[in-house]
Amino acid sequence: MIRRILIRVAAVLVTLLIAISIAFALGRLSGDPTASILGPMATEGQRADLRAELGLDQPLLLQYFDYLGGIFTGDLGNSLQFYQPNLTMILDRVPFTLQLVGAGMLIAIVIGVPLGVLAATREGSWWDRAASALALLGQSIPVFWLGMMLVLLFAVQWGLLPAGQSGSVQHLVLPALTMSLYPMAHVARLTRATMSDVLREPYIDAARARGLSAGSIVWKHAFKNASLPVLTIVVLQAGTLLSGAVAVEYVYAWPGLGQLALQAIQFRDFPLVQAIVVFGAITFVLLNQLVDLLHALIDPRVR
Amino acid sequence: MTSTSHGTSLVGADSSSAPAGPVLDITDLVVEHRREKSRELFRAVGGVSLSMQPGDTVGVVGESGSGKTTLAMAATGLGPRTSGKIELLGRDLDTLSKQQLRALRPEVQVVFQDPHGSLDPRQSVRSGFRELRRLQPKRTSWTDDVALLDQVRLGPEMLDRYPHQLSGGQAQRVCIARALLMRPRLIVADEPTSGLDVSVQADVLDLLRESLADSGASMLFISHDLAVVRNLCSHVMVMLHGEVVEAGPTEEVLNAPRHDYTRKLLAAMPGARWREKR
């Protein structure tokens, strides 16, 4: 048991190290940041001074170890454009992104799961067709386009909801709805697929033979067994969205992490980009571990 | 006896007032389904009739594909039926609503071929019992979990096990325990031992025999094994290609088989040659 935990921790650390190193490499590949900071009129001397100030004149390997050491002591560096610690800025934005992702995933689950279950229990029915249509549309409509259409309808045309920015529940509705469509489609499709597999299992016939109600067969026996893959997808999707709800945040001027990442990239603020990538990687790896832990908690066979 | 089902109210559906007629009465049952690839109509069961009196144990034998399981599933209203009439515990399945059929289920328990497959992998033995007790509080109050497990010769430590922690024989005993808990009037057992080790098969069969003797329930026993049926069943029905070729009291049929196919099955029985020589 202890051995298994140690192996698990080692694997997590290695994964993180690889992610962190890729983030570092990407930061160095995107050109000279002093050009965008100082503008085209700066002299070579000014640039050299700035490079020295940022530590960019050091050998690459030394920069890398500096950066690694920083991460392990909780120092993600300072932003080049905001003159603030990256970590503080990231933590300022996280609550907004969490709100958005949480609300979006909630909508996705509340609609996607029942629709998938209905489709699986009534194969070939209108519910089934609705679920297929949703799966197709949800996975093919571009998020930014959907966002703009919703703004056009609800904000511009009908004036029901604000078109952007944050602050109230009304502000959250459109971005959350926009964000929910893709995971909703994914959840509905996966729920339908796993449910229709489980419903063919002999223990479902056995439950019917015992006289259990249709509701308790579908939810207690079938869905309980079909829920693991769905749960996995929900958590992993949430992980992806946490670090990159860029399109939605951009369309709705939502002050989350995605917006910050966009600003950082536009300004070649490579320490901030790196910090956001590292933060995303850590979140994703930890959520992956959470999925495994949940599996073990829920499924007696995995224990 | 069975004519009472016409227009009678089924509200008072307790077993005490049930008629003393056949527990299962099948008239001219036909089950057809389309083959998946060729789309041609396939007759799995072709015109089978059967009447089971209380206390009867009827063995249905035949090779795989002879329609035994299809018959059993149709008889319990779990599987499809093309035509024919089925009266289960005196009630015509055609006249029963879904709710009424569901109310009848506790009286008719099914033990399936694959014990692991027929247990929910996420449900412990204890919570499986609990589910049934919640469903039928009165009917299941006659015993507690430990005594019930004892009856199928399992220890109380099994209560907290999940299906994957049970051997095939243990899992089938749990399935039988669940069936017994409901105090059914009819048990339908579909090859309950064919998935088990030979050494365990005899135990499980003994258990079924004892349980029947204790409870007075009837049993429809599906098997491909004549030796088992001879051992367990008062009556036997031999099926071939969806039709009954021979039926009657077990000893009668097996001692003086009239149909070639029955003789073939008998000859294939283990020990048959040895008995002939003697």
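Two residues are taken to be in contact if their C-beta atoms, placed from the backbone, lie within 7 Å. The structure is a predicted model, in which local features need pLDDT of at least 70 and side-chain atom pairs count only at pLDDT 80 or more, while totals for chains, interfaces and linings use all residues. Residues are numbered from 1 along each chain as its sequence is written, with chains lettered from A and ligands numbered from 1 in the order in which they are written.

Helices (H or I, at least four residues) and strands (E, at least two) are DSSP runs, numbered from the N terminus. In chain B, helix H5 (residues 168–181) packs against helix H6 (residues 198–215) at an angle of about 10°, with the axes 10 Å apart. Axes are lines fitted to C-alpha atoms, for helices over the stretch in contact, and angles run from 0 to 180 degrees between N-to-C directions. H5(B) is therefore roughly parallel to H6(B), a term for angles under 35 degrees, whereas those over 145 count as roughly antiparallel, 65 to 115 as roughly perpendicular and the rest as oblique. From H5(B), Gly168(B), Gly169(B), Gln172(B), Arg173(B), Ile176(B) and Leu180(B) meet Val200(B), Asp203(B), Val204(B), Leu207(B), Leu208(B) and Ser211(B) of H6(B). By class, the residues of this contact comprise 6 nonpolar, 4 polar and 2 charged; Ala, Val, Leu, Ile, Met, Phe, Trp, Tyr, Cys and Pro count as nonpolar, Asp, Glu, Lys and Arg as charged, and the others, Gly among them, as polar.

In chain A, helix H5 (residues 86–121) and helix H13 (residues 270–298) pack at an angle of about 55°, with their axes 10 Å apart, and H5(A) is therefore oblique to H13(A). Asn86(A), Leu87(A) and Ile90(A) of H5(A) meet Pro271(A), Leu272(A), Ala275(A), Ile276(A) and Phe279(A) of H13(A). The residues of this contact are 7 nonpolar, 1 polar and no charged.

Chain B contains 10 helices and 10 strands. Of its 278 residues, 41% are buried, that is, have 20 or more other C-beta atoms within 10 Å of their own C-beta atom, against 12 or fewer for exposed residues and a number in between for partly exposed ones. Among the contacts in chain B with a separation of 6 or more, 68% join residues 24 or more positions apart. Ile86(B), in strand E4 (residues 83–88) of chain B, counts as partly exposed because it has 19 C-beta neighbours inside 10 Å. The C-alpha atoms of Ile86(B) and Asp25(B) are 5.8 Å apart, although 61 residues separate the two in sequence.

A nonpolar core is a set of buried Ala, Val, Leu, Ile, Met, Phe, Trp, Tyr and Cys residues joined through C-beta atoms within 7 Å. The largest such core has 123 residues, of which Leu220(B) and Phe221(B) touch the most other members. Helix H8 (residues 169–198) of chain A gives the most to this core, with 13 residues. Apart from it lies another core of 20 residues, including Ile20(A), Ile71(A), Ile90(A) and Ile276(A).

Between the chains, 16 residues of chain A are in contact with 18 residues of chain B. On the side of chain A that touches chain B, helix H9 (202–209) and helix H10 (214–244) each supply at least two residues, and H9(A) gives the most, with 6 residues. This side of chain A has 6 nonpolar, 3 polar and 7 charged residues.
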